[in-house]
Amino acid sequence: MTLVAGIDSSTQSCKVVVCDAETGRVVRSASAPHPDGTEIDPRHWWSALQDAVSGAGGLDDVAAVSVGAQQHGMVCLDDDGEVVRNALLWNDTRSADAAVELVDELGGSDRWADRIGVVPVAAITAAKLRWLADHEPAHADATAAVCLPHDWLTWRLSGSTDLTNLCTDRSDASGTGYFSAATGRYDAELLELALRGRRPALPRVLDPRGSAGQTPAGAVLGPGAGDNAAAALGLGAGEGDCVMSLGTSGVVSAVGAVAPRDAEGIVAGFADATGRQLPLVCTLNGAPVLAAVARMLNVDFAELDRLALSAPAGAEGLTLVPYFDGERSPNLPDAAGALHGVTTRNLTAANVARAAVEGLLSSMAYCTGKIAEHGVEVRDVILTGGGARSEAVRRITPAVLGTTVRVPTPAEYVALGAARQAAWVLSQQDSPPDWTLEATETYRADPTPQVLEQYRAAAPLTFGQ
């Protein structure tokens with residue numbers, strides 16, 4: 001049996017799965033935690049990776065390895081390959097003003113959308129580089145190369161200290177703010193704009209089944225991927241599939257052939273890990289909306305589900321707009337949540353629970369609608385994340401979205417996607433190996449268009465601006 005390994009270096013931890021290259025069956029796995037914070041010494045990632053690899057029985061018997069990781073993180077290296085400063089992660093917001101500056105300096109968000117398909121926000125690497133140039137110019141001067149978390153870990157796995165051996169893939173490069181998923185090329189002028197004239201080296205962008213070299217033990221290294229693209233690959237998402245993750249935030253991505261150019265900056269023009277596109281929309285408010293309502297009602301999640309499913313669709317006119325912590329899709333950072341349509345008749349625990357689920361899902365419908373506006377057909381939804389554990393969410397999602405919903409068994413899909421990529425690089429076949437997912441539940445329901453109509457009436461700033 002040929003074995004391959006997939007690594008998921010997320011914000012919270014490092015996970016390793018070792019799989020049968022032919023079937024995808026997980027043979028062994030392990031994980032190790034990362035320290036908290038929005039700026040991290042990358043050596044902590046390397047230490048956690050080594051601990052997780054050791055816990056998974058090592059990689060000596062593995063033929064190929066790939067790394068999936070959190071996107072956007074800024075890793076700066078000097079001429080000797082040493083880390084210049086702690087990496088700024090995607091959730092570090094000190095670069096928010098820098099993002100606004102970059103948008104203005106190029107002539108507006110439409111110019112960014114046309115040029116690379118991504119409009120800078122605080123999370124994007126280019127904005128972090130502008131912050132570095134303005135606040136730590138000595139560190140900017142010392143930066144000989146810029147890479148992303150998965151690039152750096154792949155490079156470390158190779159044992160190389162040569163900056164010219166840094167590699168990346170389209171999916172992760174497309175989240176930097178200086179790479180176009182549509183053209184497949186870096187935009188060096190935008191890198192210079194971000195760094196105020198400096199032009200450090202960037203990783204080579206490999207083909208989806210290209211090799212980034214070998215480990216010292218001889219295992220082939222895959223190109224790796226950003227976490228969303230790796231998850232889509234692990235889930236086996238194809239064209240027409242929309243992956244909807246309800247975690248701390250809500251994330252919607254859809255595999256397609258069209259590279260979006262959204263001047264609103266809501267739809268990010270990312271690439272997937274197979275050579276196609278992966279337009280993505282992210283919200284600020286995900287599963288914690290349900291947790292907050294459960295606390296308010298003084299019930300556990302099982303009871304929240306029971307209450308929500310006992311109420312009629314539309315919650316008798318009660319609508320929850322779930323902008324509890326502001327919102328980024330649409331861009332309403334100062335917004336707050338609101339409960340609309342309250343009457344003496346409909347203000348019941350069951351209707352509030354139903355409105356919470358429908359409001360959260362209506363927010364996600366807004367995201368799928370924005371992706372569809374850019375020519376990406378959404379036929380089926382693959383529902384993942386902590387929110388997918390809710391029976392009410394699973395049963396109400398197909399009604400609100402008007403589409404079939406598949407809920408796969410919870411698993412480490414980013415790591416599995418990386419492992420599947422490793423098997424693909426090893427085989428050099430035209431397409432990734434056909435791995436079979438564990439049991440997947442399928443949900444269908446009669447559409448409830450009135451729910452979205454209520455939501456659109458209750459959130460006028462969201463729709464039809």
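Predicted model: local features only at pLDDT ≥ 70, side-chain atom pairs only at ≥ 80, totals over all residues.

Reply: Let us begin with how elements are named: helices (H or I, at least four residues) and strands (E, at least two) are DSSP runs, numbered from the N terminus.

Me: Which residues does the cis peptide bond join, and what is omega about?

Reply: The cis peptide bond joins S329 and P330, and omega there is about 5°.

Me: How should I read the packing of two helices, and at what angle do helix α11 and helix α12 pack?

Reply: Two packed helices are described by the angle between their axes and the distance between the axes. Here helix α11 (residues 301–310) and helix α12 (residues 349–373) pack at an angle of about 95°, and their axes are 7 Å apart. Angles of 65 to 115 degrees count as roughly perpendicular, which makes α11 roughly perpendicular to α12. On the α11 side the residues are L304, L307, A308, L309 and S310, and these meet A349, A350, A353, R354 and V357 in α12. By class, the residues of this contact of α11 with α12 are eight nonpolar, one polar and one charged.

Me: At what angle do the axes of α2 and helix α3 cross?

Reply: The axes of α2 and helix α3 (residues 109–116) cross at roughly 85° and come within 7 Å, and α2 and α3 are therefore roughly perpendicular to each other. From α2 the contact draws on L102, V103 and L106, and from α3 on S109, R111, W112 and R115. The contact of α2 with α3 has four nonpolar, one polar and two charged residues.

Me: Which residues make the contact of α2 with α4?

Reply: The contact is made by A98, A99, E101, L102 and E105 of α2, together with A126, A127, R130, W131 and D134 of α4. The residues of the contact of α2 with α4 comprise six nonpolar, no polar and four charged. L102 of α2 takes part in this contact, and L102 also belongs to the contact with α3.

Me: How is a pocket found, and how much space lies in the second largest pocket?

Reply: Rolling a probe the size of a water molecule over the atoms shows where empty space is left. In this model the second largest pocket holds about 480 Å³ of space. It is lined by 28 residues, and the closest to its centre are G234, Y413, L416, L437 and E438. Two or more residues of the lining come from each of β2 (13–20), β3 (26–33), α9 (227–234), β24 (404–408) and α14 (413–427), and the largest share, four residues, comes from β3. The lining of the second largest pocket divides into 13 nonpolar, eight polar and seven charged residues.

Me: Is N351 buried or exposed?

Reply: The cut-off for buried is under 20% relative accessible area, so N351, with a relative accessible area of 1%, is buried. N351 lies in helix α12. Leaving aside its neighbours within four places in sequence, N351 is in contact with A311, P312, A315, E316, L318 and N346. The C-alpha atoms of N351 and T319 are separated by 9.0 Å, although the two are 32 residues apart along the chain.

Me: How many residues of helix α6 are buried?

Reply: Nine of the ten residues of helix α6 (residues 149–158) are buried, so α6 is largely enclosed by the rest of the structure. Among the buried residues are H150, D151, W152 and W155. G159, which follows α6, has a positive phi, near 80°.

Me: Where do R196 and Q428 lie, and what is the phi of each?

Reply: R196 lies in the loop between α8 (188–194) and β12 (204–206), and its phi is near 50°, a positive value in a residue other than glycine. Q428 lies in the loop between α14 and β25 (440–443), and its phi, near 60°, is likewise positive in a residue other than glycine. R196 is partly exposed, with a relative accessible area of 45%, and Q428 is partly exposed, with a relative accessible area of 41%.

How values were computed:
Residues numbered from 1 in each chain as written. Heavy atoms only, no water. Contact = heavy atoms within 4.5 Å. Nonpolar A, V, L, I, M, F, W, Y, C, P; charged D, E, K, R; others polar. 1 Å grid on protein atoms, 1.4 Å probe; cavity = no way out; pocket = protein on both sides within 12 Å on 5 of 7 lines; lining within 4 Å. Points joined across faces, edges and corners; volume = space filled by probe spheres on them. Axes fitted to C-alpha atoms, helices over the stretch in contact; angles between N-to-C directions. Parallel < 35°, antiparallel > 145°, perpendicular 65-115°, else oblique. Buried < 20%, exposed > 50% of the residue type's maximum accessible area, 1.4 Å probe, protein only.
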